[in-house]
Amino acid sequence: MNYLPIFLDLRGRRCLVVGGSETAARKSELLLRAGAQVDVAAPDLHAGFDRLPHLDHLNRVADAFSPGLLDGKDAVIVVGDDALAKVVADAARTRHIPVNVADKPAMSSFILPSIIDRSPIMVAVSSGGESPVLARMLRARLETLIPAAYGRLGALASRCKERVRATVKPEQRRAFWEKVFLSPVAEMVFSGREAEAEKQLDAMLAEAATHDISRGEVYLVGAGPGNPDLLTFRALRLMQQADVIVHDRLVSQPILDMCRRDAERIYVGKERDDHAVPQEEINMLLVRLAKEGKRTLRLKGGDPFIFGRGGEEIETLVEHGVPFQVVPGITAAAGVAAYAGIPLTHRDYAQSVAFVTGHLRDNTFNMNWEGIARHDQTIVIYMGLKGLPLLCEALIKHGLDATTPAAIIQQGTLPTQRVVTGTLTTLPELAAAAGLKAPTLIIVGNVVKLREKLGWYQPEQHSEQAHRTPLEAPDHLR
């Protein structure tokens, strides 16, 4: 983060605004709405000052800035030329007083975001001064998603907070409030029936006093091929309400960052030939966490039912009577192929698709080659980088032409995506020359011919993003 978002309590505090322009009036309004006492230093005041709320809390104290005006101040805002801004900013920093210089973030120790006010709910959006227009656009979008009535819902929660604390155990309060906000209570508030809503909340509170509201459950969620933009809405919702996150090694950090911040995180990653936690232990871990009353998110790259061993995990949950739900994810075959510009089926080239795993066992493959090596079929191979030469040899041996087009994609869907195309004969050498590393996905078939024409994703355009926020691909795509 370039800035740490902080909400500053200025109620009854004294602040200084240096400048008398229309912009200075808008900055003063923000301070007044936050409950501050505002002193203004300016030779003249724009007419906008006359229309400000709480004018009795605003006082023009001087025609020009002097360091003594900073005495007893909790925050300073400057609207003026560079010379004045530097003098004020330097004087404020010397006194360790937060200072904001309008439109000059480099001189500021804090910035003023775009604000969505649903008091007591507050939402702030900022670009750190880099793109104010984008921040305002995001604010406008959020304004439409957060009705004004959310403020009334927050006020209801505030009125009932002490009653909830006295009745509901600390470890169950989050679950209780989530139940309230997802119940008809919220709709009653939104429709103006606040007295009825409070009665309903009290009824839920009475029930919570005699019943344990904790209910352990497992969410088996597919995180997709690595790009956070490819998460489903349901996946994101469950990620943000889980008490525990059980995740694989290569679920990308940006995706983990979208999970509930205070959730416990348990790493059960696996690398080739090195399983940090055996699958059987993972299965029983999910059972234990759920039986402790925890909402447990089992977060897997791609789709949990395609080479993700999700079926084994929920078999164990069923055997132990643990409730669960499954959220599919975009599997690598679909996501990576799309970002590589390779359609998996095409009327002229392929009428079926085969998904296979390229894991070697004793340096051999155990596959139904007759069903796989077909000219009218696209073959998608997961986890096949290590055995790529043997795979290509086997496909040629079992009937495919040596000139069959083939591609290997590294870190598909991410800004670091790389695509190498060739034939079954040339691909192993080309992949080795390119220095490709896991995670990769291999696609074999005539549809690869369309890559040059249909390749729409240009990851080099995102090279700076790749450097600043490197994303890794899911564990089971290696």
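Two rings of Phe, Tyr or Trp (for Trp, the six-membered ring) make a pair if their centres lie within 6.5 Å; planes under 30 degrees apart count as stacked, over 60 as edge-to-face and the rest as tilted. Searching the whole structure turns up eight such aromatic pairs. The model is a predicted one, so local features need pLDDT of at least 70 and side-chain atom pairs count only at pLDDT 80 or more, while totals for chains, interfaces and linings use all residues. Residues are numbered from 1 along each chain as its sequence is written, and side-chain values use heavy atoms, with hydrogens and water left out.

Take Tyr150 and Phe190: their ring centres sit 5.0 Å apart with planes at 45°, so this pair is tilted. It ties together distant parts of the chain, as Tyr150 belongs to helix α4 (residues 149-167) and Phe190 to helix α6 (residues 184-190), 40 residues apart. Helices here are DSSP runs (H or I, at least four residues), as are strands (E, at least two), numbered from the N terminus.

Trp177 and Phe181, by contrast, both lie in helix α5 (residues 173-181), four residues apart, or about one turn of the helix. Ring pairs also bring in Phe176, making a cluster of Phe176, Trp177 and Phe181. Trp177 is buried, with a relative accessible area of 16%, whereas Phe181, at 38%, is partly exposed. Buried means under 20% relative accessible area, exposed over 50%, and partly exposed in between (1.4 Å probe, protein chains only).

Elsewhere, Leu395 is in contact (heavy atoms within 4.5 Å) with residues including Trp369, Ile379 and Val444, leaving aside neighbours within four places in sequence.
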